[in-house]
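Okay, thanks everyone, I'll keep this short. Let's get the structure up on the screen and walk through it together.

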Amino acid sequence: GIYVFRYCGKDAENGLTVEFGSKVKKISSMGLSNTNLKKVIMSEGIETIKGGAFGGCKGLEEIKLPKSLVEIKAGAFRECSNLKEVTIPSKVTEVGMYAFMDCKKLGKVTVEGNITTGDVAFINAGSEAKDAEGNATGIEVIYGPEVSTIGTMMMQRATEVRKVTLSENLSHVVARAFDGCKKLEYIKVQSPECEYEKGTAPDTSIEGIYVFRYCGKDAENGLT
């Protein structure tokens, strides 16, 4: 059904709301791309959002991903430039390349589980994120208590990430996980026993020199 909803809601004054029922397991590739979506409601049962499914839905402001979700494929939400917040549920193991690329108003990303497959998912996201006073905020990334491993470079080259809170139960972070987050200003580390890959300073407590490579390079007040 790739063309079933093509161009739906193009002239709708208040945008289009789409609700997926409990029998839906997959949302097809490009099926709702470039439509005038404003809100998406997903029932429990959906497991896969295929590549480009909501790509170019520039009016999309709100989406709640179901706890049953397992895969977010490449470019699934690319250029959803009005999307301000996303929570990636705990069962998600894959976030595809460019999944949230160019989501310019994205200001908060919450990760609830261990993502094992993912790369450069947030390039150019958050460049227009602002607080209530109109101040630029960039992206805040929060890893919830169920996260024990950051096993991908999903946040690599996410240049607008400003603040990262790591899970208190974190035990392992893959090399270069936050490589290229040039505006990163603050990292909250809550698990002192966490292992950071590719350590080059074995005689110190900081062993993850490549995990945060180039982080804070363009941060106005440096990196804490």
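Predicted model: local features only at pLDDT ≥ 70, side-chain atom pairs only at ≥ 80, totals over all residues.

Strand E3 gives the largest share of the lining of the largest pocket, four residues. That pocket has a volume of about 310 Å³. There are 18 lining residues, and the ones closest to the centre are Ile 63, Lys 64, Leu 65, Pro 66 and Thr 87. If you go by elements, E3, strand E5 (62-64) and E7 each put two or more residues into the lining.

Now, E7 takes us to the sheet. What is the strand order in this open sheet of five strands? Reading across, it goes E7-E9-E11-E13-E15, with parallel pairing. From one strand to the next, the twist averages 10 degrees. Further in, E9 (residues 108-111) and E11 (residues 139-143) run parallel and are joined by four bridges. Look for Val 109 there, with Val 141 of E11 standing opposite.

Last stop, the core. The largest nonpolar core has 56 residues, and Phe 54, Ile 72, Phe 77 and Phe 122 have the most contacts inside it. Strands E1 (16-20), E3 (37-42), E7, E9, E11 and E13 (161-165) supply at least two residues each. Take Phe 77: leaving out residues up to four places away in sequence, its contacts include Phe 54, Ile 72, Phe 100 and Met 101.

How values were computed: Residues numbered from 1 in each chain as written. Heavy atoms only, no water. Pairing = 2+ DSSP bridges. Axes fitted to C-alpha atoms, helices over the stretch in contact; angles between N-to-C directions. Core = buried A, V, L, I, M, F, W, Y, C linked by side-chain atoms within 4.5 Å. Buried < 20%, exposed > 50% of the residue type's maximum accessible area, 1.4 Å probe, protein only. Contact = heavy atoms within 4.5 Å. 1 Å grid on protein atoms, 1.4 Å probe; cavity = no way out; pocket = protein on both sides within 12 Å on 5 of 7 lines; lining within 4 Å. Points joined across faces, edges and corners; volume = space filled by probe spheres on them.
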